[in-house]
Amino acid sequence: MDPAELSAQAVRVITQLVEGAAPAPLTGAGQGVLDLVRQRLGGTPSGAAALAAVGARPDDPAAVAGLHDALGAAVAADRDFAAALAAALAPIIAGPPPGEPPPRTVQNGVVIDGGSRICGSTIALGPVTFHNTPAGRGALGAVCLGLATFVALLVYGTIQALDSESPGPDADAPGDGSGDRALPLADAEAVRAVLPPVSSLPPGWTERSAPTADVSAQDDGSTFAAESRYLGRHSMETRLLVFSYPDEDGARKAFDARAGKARAEGASSLAMARIGDQTAAFALPASRGDAYDTHTSRSTVVRTGTVLTIVVGNDTESRAYSGEDLETLTRLLSERARTAQTG
């Protein structure tokens, strides 16, 4: 099952539960799907908003479409979550699970459970009847085996599809997870091109300083660096930085060093969806010696292949920097870094 179909099935189950239209036998399995989705999407502002919209307006096509988009992005980005979601949906797709299980009995080597019953010379499994003979019991066993095989193939097929389509592996795993080799960026211009034009940013954003790129002045093994600054909503200042490295191992070490330094300087971790190959998000303390840091700032560091991308958004005296903007810009930079490395 591809990510789009998997998301559609999950959204259908969730909207049925919210509307109270789910058949009673599916309520338990459906609640498991809903809990799994809440756990994954509830940690991001956009995901939580999509869930809240469907909870309030389950019959609103726009709300349903918003949840489908948010869930589709999570499925495409997180193979473990996608596999867990497929497993949770499997009994619903295969058929309604039983409610409270009745006492289980065994007759002539056949387990009689749920909607199954044995009567004289026949065995009924839902709407299907088998003769209570050695051949009939063999056919019943074959049906049960086939159903188990179908569920196993469903989960396996979902994982295989995501292996070929997902943009990234586990946050701390090597490689870019895209199936394409992440090549180091060749020069400063290639690094500068990772920075987005204003037209790619949310509406109303303006450029505070033009993008620049040069040989990196950092002592962390980076080869080239680029930077640009913008004014976002409510005139909140945002800085975007890009650093390239000769290989993924160098970029990975630099990511670990930056994340460790932020924690050592008192930064607190923020919830953030996994983006790229490694992701860290922080709320940084005020007064860090830069004109950009006169107020508390929120920052993300992402490794995508051989590139580190950093977003720093400053709070104002009256407003906290938007978590949605922070995630949007972080994801945009990572995607542009991925494209720059793979062509």
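Leaving aside residues up to four places away in sequence, Thr-309 touches Val-194, Leu-241, Val-242, Thr-300, Val-301, Val-302, Leu-333, Ser-334 and Ala-337. Thr-309 belongs to strand 12, which covers residues 307–314, and with a relative accessible area of 2% it counts as buried.

The protein as a whole has 343 residues, of which 43% count as buried, and its secondary structure comes to nine helices and 12 strands. Among the contacts with a separation of 6 or more, 58% are accounted for by residues 24 or more positions apart.

The largest nonpolar core has 28 residues, and the members that touch the most others are Val-33, Val-37, Leu-41, Leu-67, Leu-71, Leu-85 and Leu-89. Two or more residues are given to this core by each of helix 1 (3–19), helix 2 (24–41), helix 3, helix 4 (61–77) and helix 5 (79–94). In soluble globular proteins, nonpolar side chains tend to be buried together.

Helix 3 deserves a look of its own. It runs over residues 45–56, and its 12 residues reach 16 Å from the first C-alpha to the last, close to the 16 Å expected at 1.5 Å a residue. Which residues of helix 3 are buried? They are Gly-47, Ala-50, Leu-51, Ala-53 and Val-54. Seen down the axis of helix 3, these buried residues fall within an arc of 160°, and therefore they line one face of the helix. Ala-52 and Ala-56, on the other side of helix 3, are exposed.

Glu-327 is found in helix 9 (residues 323–342), and it is buried, with a relative accessible area of 8%. Its contacts, leaving aside neighbours within four places in sequence, are with Thr-44, Pro-45, Ser-46, Met-272, Ala-273 and Ile-275; Pro-45 and Ser-46 fall within helix 3, which spans residues 45–56.

Charged side chains also pair with one another, and a search of the whole structure finds 11 salt bridges. One of them joins the side chains of Glu-189 and Arg-192, at 2.7 Å from N to O. Because Glu-189 and Arg-192 are three residues apart in helix 7 (residues 188–192), they are separated by about one helical turn. An α-helix has 3.6 residues a turn, so residues three or four places apart point the same way. Both partners are partly exposed, Glu-189 with a relative accessible area of 46% and Arg-192 with one of 29%.

In another salt bridge the side chains of Glu-227 and Arg-229 meet at 3.0 Å, N to O. Here Glu-227 is partly exposed, with a relative accessible area of 24%, whereas Arg-229, at 16% relative accessibility, counts as buried; the two fall on either side of the 20% cut-off below which a residue is called buried.

Asp-277 forms a salt bridge with Arg-303, with the closest N and O atoms 3.7 Å apart. This pair links distant parts of the chain, for Asp-277 lies in the loop between strand 9 (268–269) and strand 10 (278–284), while Arg-303 lies in strand 11 (residues 297–304), 26 residues apart. Asp-277 and Arg-303 are both buried. Salt bridges that share partners join Glu-248, Asp-277, Arg-303 and Arg-338 into one network.

It remains to say how far the model can be followed in detail. The mean pLDDT of the protein is 74, and 68% of its residues reach 70 or more. Over residues 96–132 the pLDDT is below 50, although this stretch has 61 contacts in the model beyond near neighbours in sequence. The pLDDT is also below 50 over residues 288–294, a stretch with 16 contacts in the model beyond near neighbours in sequence. Where pLDDT is low, the predicted coordinates should not be read in detail.

Key. Residues numbered from 1 in each chain as written. Predicted model: local features only at pLDDT ≥ 70, side-chain atom pairs only at ≥ 80, totals over all residues. Heavy atoms only, no water. Helix = DSSP H or I, 4+ residues; strand = E, 2+ residues; numbered from the N terminus. Expected span 1.5 Å × (residues − 1). Buried < 20%, exposed > 50% of the residue type's maximum accessible area, 1.4 Å probe, protein only. Arc of directions from axis to C-beta. Salt bridge = Lys/Arg side-chain N within 4 Å of Asp/Glu carboxyl O. Core = buried A, V, L, I, M, F, W, Y, C linked by side-chain atoms within 4.5 Å. Contact = heavy atoms within 4.5 Å. pLDDT = per-residue confidence, 0-100.
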